[in-house]
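The sequence and structure come first.

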Amino acid sequence: MPRTLARELPQHQGQTVKMQGFLHARRDLGGVQFLVLRDVSGITQCVGSGLHLPLTESSIEVTGTVKAHPKAPGGFEVQVQDFRVISAATEPAPVEIPKMEWHVNPETMLDYRVVTVRGLKERAALKVQAELVAAFRDHLREEGFTEISTPKIVSAGAEGGANLFPIDYFGQPAYLAQSPQLYKQIMVGVFERVFEVAPVYRAEEHATSRHLNEYLSLDVEMGFIQDEEDVMSLENRLLAAIMTRLKERCQAEFTLLNATLPDVPAHIPRITLLDARKLVTEKYGHQVGGKDLDPEAERLLSQHYAETQGSDFVFVTKYPRAARPFYTHADHNADGSLNPDLTRGFDLLFRGIEITSGGQRIHDHAMLMDSIAAYKLNPATLEGYTEVFKYGMPPHGGFAIGAERLTAKLLGISNVRYARAFPRDRHRLTP
């Protein structure tokens, strides 16, 4: 008899089915046993008598008849005819998975992540992220992009050497890659349009709800552009495709997590950084420090666009040179001359937080070398990257999306660590 999944029960009413999964919960009421079987598609209530139930989280097999039941999950239950333990748990689970959301300390949930990740809401977030990544890949392929794979052990940082994890590479100093930026630019000279899905590493000693030291970066780079508007338009289309995919395939997960999918405007609104800082100061009385937008300014700016234009997204453009990496292209004045103070860099805010950093890159070799000097970087450490710009690189640009941060904001998860199966932050190296 083939295996039946929980989501398939409605089409088997009155029939005998075989189900396999984990013992999610159990109750014994005077010789009648109620058990909840959890499989990859959901949970199923099963009822039997004379059953010797193992500890929860054991792998089990149930054979029985499907009956409609209004109070059962999904409206159906299985009346057990045969019960088999496939692999018994040898000790009680460290947390009660069906109850952990209400009773377990958040740090404990991470300490025992090998088990708690089995929870319905925990795996729902990871399912959404998996579909998000799949949609990212599929849409870019439709637009003529080629997937690449770049080194994660590097000799220098992509953003000037800051926030790098050093490693010993056969006696030579090396680092974990903080970004595939330099390599994906090189690959524009090969395929013109490229993307990568891979982890990146940031040695930042933060302890916030929005940062990880290892996260999944969704990187895009495209050649023969006019300016950064081409890049923002691509991301606009990409996000629309991702949300369409999630609506088609993840409605159950969004319902379980009480989350709402955003509508992606046909043209995501834009505002320059200077105007954004001015707006949050004048409208909300918030004084913005530093060269960028601080978290509160991001929240207020997003609130403004949600209220005035009904958009959960807003591009912040024209970042100052001091707030962008050395490879970011300078902006132009109205007369066509370069403006050394502004760049064609942008960020994308979504529901109060930055989820993307991008822009047009420098493609002229002389301009790139001048920028490296201006940033006081050692050109010798960047020779493997700068060499390609001697050979006719086209105007190009791109962006990167943090998969966990986007997942967390989509689902209303308060801490980005719970949008990754096994998070790494400054205090956590296991499991």
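This is a predicted model: local features need pLDDT of at least 70, side-chain atom pairs count only at pLDDT 80 or more; totals for chains, interfaces and linings use all residues.

## Helix α5 and its end

Within α5, the residues Q181, L182, K184, Q185 and V188 are buried. The cover over the buried residues of α5 includes the strands β10, β11, β17 and β18 (396-402), together with α11 (383-386).

K184, one of the buried residues of α5, has a relative accessible area of 3%. K184 forms a salt bridge with D219, and the closest N and O atoms are 2.9 Å apart. This pair links distant parts of the chain, since K184 lies in helix α5 (residues 181-191) and D219 in strand β11, 35 residues apart. Is D219 buried or exposed? D219 is buried, with a relative accessible area of 2%.

## Other salt bridges

The structure holds 33 salt bridges. One of them joins E147 and R137, with 2.9 Å between the closest N and O atoms. The two residues belong to distant parts of the chain: E147 is in strand β6 (residues 146-147) and R137 is in helix α4 (residues 120-142), ten residues apart. E147 counts as partly exposed at 31% relative accessibility, and R137 counts as partly exposed at 24%.

A further salt bridge is formed by the side chains of K318 and D331, at 3.2 Å from N to O. K318 sits in the loop between β13 (313-317) and β14 (330-332), while D331 is in strand β14; the pair links distant parts of the chain, 13 residues apart. K318 is partly exposed, with 24% relative accessibility. D331 is buried at a relative accessible area of 10%, because a residue counts as buried when that value is under 20%.

## Annotated positions: S357

An unreviewed UniProt entry carries a "binding site" annotation that covers E159, R202, S357 and R361. Of these positions, S357 is described here. S357 lies in strand β17 (residues 353-361) and is partly exposed, with a relative accessible area of 33%.

Which residues does S357 touch, not counting residues up to four places away in sequence? They are R324, F346, D347, F399 and A400. With D347 there is also a polar contact, in which the side chains of S357 and D347 are joined at 3.3 Å.

Another "binding site" annotation from the unreviewed UniProt entry covers R202, A203, E204, R210, H211, L212, E354, G402, A403, E404 and R405. A203 is located in the loop between β10 (193-201) and β11 (214-223). A203 counts as partly exposed at 23% relative accessibility. Apart from its neighbours within four places in sequence, A203 is in contact with N163, L164, F165 and N213.

E404 is part of helix α12 (residues 403-411). Is E404 buried or exposed? At 1% relative accessibility, E404 counts as buried. Not counting residues up to four places away in sequence, E404 touches Q129, L212, Y215, L216, V416, A419 and R420. One of these residues, L216, has its backbone nitrogen reached by the side chain of E404 at 3.0 Å.

## A nonpolar surface patch

Which residues form a nonpolar patch on the surface? The patch is made of I153, Y169 and F170, which together have about 370 Å² of accessible area. F170 is placed in the loop between β8 (165-169) and β9 (172-176). With a relative accessibility of 75%, F170 counts as exposed, because exposed residues are those over 50%.

Technical notes. Residues are numbered from 1 along each chain as its sequence is written. Side-chain values use heavy atoms; hydrogens and water are left out. UniProt positions are given in the numbering used here, feature names are shortened, and annotations may be inferred rather than shown by experiment. Helices (H or I, at least four residues) and strands (E, at least two) are DSSP runs, numbered from the N terminus. Buried means under 20% relative accessible area, exposed over 50%, partly exposed in between (1.4 Å probe, protein chains only). Contact means heavy atoms within 4.5 Å. A polar contact is a pair of N or O atoms within 3.5 Å; within protein, one must be able to donate a hydrogen and the other to accept it, and residues adjacent in sequence count only if both atoms are side-chain atoms. Patches are made of residues with over 30% relative accessible area and no salt bridge: like charges are joined within 9 Å, nonpolar side chains (Val, Leu, Ile, Met, Phe, Trp, Tyr) within 5 Å. Accessible areas come from the Shrake-Rupley method with a 1.4 Å probe; for residues, only the protein chains shown count as cover. A salt bridge is a side-chain nitrogen of Lys or Arg within 4 Å of a carboxyl oxygen of Asp or Glu.
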